[in-house]
Amino acid sequence: MVRNVAGELRELESADFYLLSGVEHGMRFSEWVDRGTLTEYARLDSEEVDHRLDRCERRGFIERKTMQYQGFRLTFEGYDALALHTLVERDTIEGFGAPLGVGKESDVYEVTSYKPLALKFHREGYTNFREVQREREYTADRNHRSWLYTARKAAEREYDALETVYPTVNVPRPIDHNRHAIVMEKLDGVELSQAALPDEQAIGVLDLILSEVADAYAEGYVHADMSEYNVAVSEQGVMVFDWPQAVQTDHENAEEFLERDIENVLGYFGRKHPGEIGDPSVASIAAGVRDGTFESVENH
């Protein structure tokens, strides 16, 4: 688990952020940044670079490795510090609160602004970077790849999808993003996997979810990772979250991903409410989503 660094930002000085930004810049070209390049990347003199390296390393914001040269790289804590610093400088967030959820590929915290919001740090590649490289196509366009690049691209991809489909689709309203971090509206309701739905509500909730799938398709996106773990249910309806794997509808695999999303949702309701759902056709529902005629799973 990555340490929460919000309380340490006040201890950092402007030159510390110059140094961290310099290491970040150097990591675009190599996993470990040569100490000799940091005066240029960080725009600090050599003595200042050494001082800032020591300060940031003590705080766990960078790592050091001696090879043919002395190399440095950001830790996720250092990357978090850079993103948080930028979001505070923009007045996007004013305070940092309790964890809302910690997972394999993201950490979510409550933050304060004009109202309580959620801050999501993408962690793709942090624990198993090779697996993410194989499975996520947003790592496929770079010869040099790192967890830093992978997490940032995941955040960009999710934010772009949210901006496009909101408010037509009931998703967390996107507020701002920087690097691997997204500020968004807090989720309303409970995760579908934890919801105790009466059988008589199963069809209605399933129809709401598939209607959101259809609305997203009409706005040009397929979620591509739909399951009971990224749908929230409340008295107001349903909210679909976690969009980093979303693809546009003109993607070569969009139709395959659409049918997989529908199959995943139907499979969950079939397991939880087998007497209510019946055996609807995935292909028929997908056709209704594509042509904008979907109304109810009972018609398929």
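Because the model is predicted, local features need pLDDT of at least 70 and side-chain atom pairs count only at pLDDT 80 or more, while totals for chains, interfaces and linings use all residues. Residues are numbered from 1 along each chain as its sequence is written, and side-chain values use heavy atoms, with hydrogens and water left out.

Let's start with the big picture. The protein chain is assigned a domain 1 (9-185) and a domain 2 (190-299), with bounds that come from an automatic or database domain assignment. Their C-alpha centres sit 32 Å apart. Domain 1 puts 20 residues into the contact and domain 2 puts in 16, where contact means heavy atoms within 4.5 Å.

The size of an interface is often given as the accessible area lost when the parts come together. Here domain 1 and domain 2 bury about 1500 Å² between them, 57% of it on carbon and sulfur atoms; buried area is the accessible area (1.4 Å probe) that two parts lose on being put together, summed over both. On the domain 1 side, Arg 157, Val 169 and Asn 170 supply 30% of the area buried against domain 2, more than any other three residues.

Seven residue pairs, both members at pLDDT 80 or more, are in polar contact between domain 1 and domain 2. A polar contact is a pair of N or O atoms within 3.5 Å; within protein, one must be able to donate a hydrogen and the other to accept it, and residues adjacent in sequence count only if both atoms are side-chain atoms. β6 (116-122) and α6 (147-165) are the elements giving two or more residues to the side of domain 1 that touches domain 2, and α6 gives the most, with eight residues. Helices (H or I, at least four residues) and strands (E, at least two) are DSSP runs, numbered from the N terminus.

**Salt bridges**

The structure holds 22 salt bridges, each a side-chain nitrogen of Lys or Arg within 4 Å of a carboxyl oxygen of Asp or Glu. The count between domain 1 and domain 2 is one. Here are two from the structure:

| Pair | N to O distance |
|---|---|
| Asp 242 and Lys 120 | 2.7 Å |
| Arg 52 and Glu 48 | 2.8 Å |

Arg 52 and Glu 48 both belong to helix α3 (residues 46-58), four residues apart, about one turn of the helix.

**A three-stranded sheet**

Three strands make an open, antiparallel sheet in the order β1-β3-β2. β1 (33-34) and β2 are the edge strands with a single partner each, so one side of each has no neighbour in the sheet. Two strands pair if DSSP finds at least two bridges between them. β2 (residues 62-66) and β3 (residues 70-74) have five bridges, with Lys 65 partnered by Gly 71, and a hairpin of three residues joins β2 to β3. β1 and β3 share two bridges, and Val 33 stands opposite Phe 72 in β3.

Most residues other than glycine have a negative phi, and most peptide bonds are trans. Going from Tyr 166 to Pro 167, though, the peptide bond is cis, with omega near 5°; Pro 167 lies in the loop between α6 and β7 (174-178). Ala 224, in the loop between β10 (221-222) and β11 (231-234), has a positive phi near 75°.
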